[in-house]
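Let's work through some exercises on reading a protein model. Have the sequence and the 3D view open, and try each task before you read its solution.

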Amino acid sequence: MNIVSKDNPLAHYQWGDACDGWTLVDENNLSVKLESMPPGTEETLHYHQHAQQFFFILKGRAAFEIEGAVVMLYEKQGIQIKLNEKHKIMNVSDEELQFILCSQPATKHDRYNIV
């Protein structure tokens, strides 16, 4: 049995502009991560050909751009991103955003940025 947490993750990584992530499950068929975004940060618009994702907001509020529409999520809310949906998450608030990100299967080599 492997108990994981932010203080005891499988791995810690940094992404984007000063964002942090902690890998909690890292298997080919499932990835679970805890991620944190400082105020005013956002990721690049992208899609996944093989993986669906589920985001669950733990702290703060997130704006998602999904297929050109913007959706706001608040603490204790989640949203599914389906295959090939162009999306990005943005922290448009003045506080830290923390969320759980589940990907099935894992998104290794399955991220296509929109330029």
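**Before you start**

This is a predicted model, in which local features need pLDDT of at least 70 and side-chain atom pairs count only at pLDDT 80 or more, while totals for chains, interfaces and linings use all residues. Residues are numbered from 1 along each chain as its sequence is written, and side-chain values use heavy atoms, with hydrogens and water left out.

**Exercise 1: The nonpolar cores**

Task: Find which residues of the largest nonpolar core touch the most other members.

Solution: 

Step 1. Start with the term: a nonpolar core is a set of buried Ala, Val, Leu, Ile, Met, Phe, Trp, Tyr and Cys residues joined through side-chain atoms within 4.5 Å. Buried means under 20% relative accessible area, exposed means over 50%, and partly exposed is in between (1.4 Å probe, protein chains only).

Step 2. The largest core has 15 residues, and those touching the most other members are M37, F55, I57, F64, I89, L97 and F99.

Step 3. Now see where the core comes from: strand 5 (52-59), strand 6 (61-66), strand 8 (78-81) and strand 10 (97-104) each give two or more residues to it. Strands (E, at least two residues) are DSSP runs, numbered from the N terminus.

Step 4. Look around I89: leaving out residues up to four places away in sequence, I89 touches M37, E42, E43, F55, A62, A63, F64, L97 and F99. Contact here means heavy atoms within 4.5 Å.

Step 5. There is also a second, separate core of five residues, including W22, L24, V32 and I100.

**Exercise 2: Salt bridges**

Task: Work out how many salt bridges the structure holds, and follow three of them through the chain.

Solution: 

Step 1. A salt bridge is a side-chain nitrogen of Lys or Arg within 4 Å of a carboxyl oxygen of Asp or Glu. The structure holds four of them.

Step 2. D26 and K108 meet through their side chains at 3.0 Å, N to O. This pair links distant parts of the chain, with D26 in strand 2 (residues 19-27) and K108 in the loop between strand 10 and strand 11 (112-113), 82 residues apart.

Step 3. E42 pairs with K88, and their closest N and O atoms are 2.7 Å apart. E42 lies in the loop between strand 3 (30-37) and strand 4 (46-47) and K88 in strand 9 (residues 87-90), so this bridge ties together parts that are 46 residues apart in sequence.

Step 4. K59 and E96 form a bridge at 3.3 Å, N to O. Because K59 lies in strand 5 and E96 in the loop between strand 9 and strand 10, the pair ties together parts that are 37 residues apart in sequence.

**Exercise 3: The side chain of S5**

Task: Find which backbone nitrogens the side chain of S5 reaches.

Solution: 

Step 1. Locate S5 in the segment before strand 1 (11-15).

Step 2. A polar atom of the S5 side chain lies 3.2 Å from the backbone nitrogen of D7.

Step 3. The S5 side chain also reaches the backbone nitrogen of N8, at 3.0 Å.

**Exercise 4: Backbone details**

Task: Find which residues a cis peptide bond joins, then look at the positive phi values of E67 and K76.

Solution: 

Step 1. The cis peptide bond joins Q104 and P105, with omega about -5°. P105 is in the loop between strand 10 and strand 11.

Step 2. E67 is not a glycine, yet has a positive phi of about 50°. E67 lies in the loop between strand 6 and strand 7 (69-74) and is partly exposed at 46%.

Step 3. K76, also not a glycine, has a positive phi of about 70°. K76 sits in the loop between strand 7 and strand 8, and with a relative accessible area of 69% K76 is exposed.

Conventions. Helix = DSSP H or I, 4+ residues; strand = E, 2+ residues; numbered from the N terminus. Polar contact = N/O pair within 3.5 Å; in protein donor to acceptor, adjacent residues only side chain to side chain.
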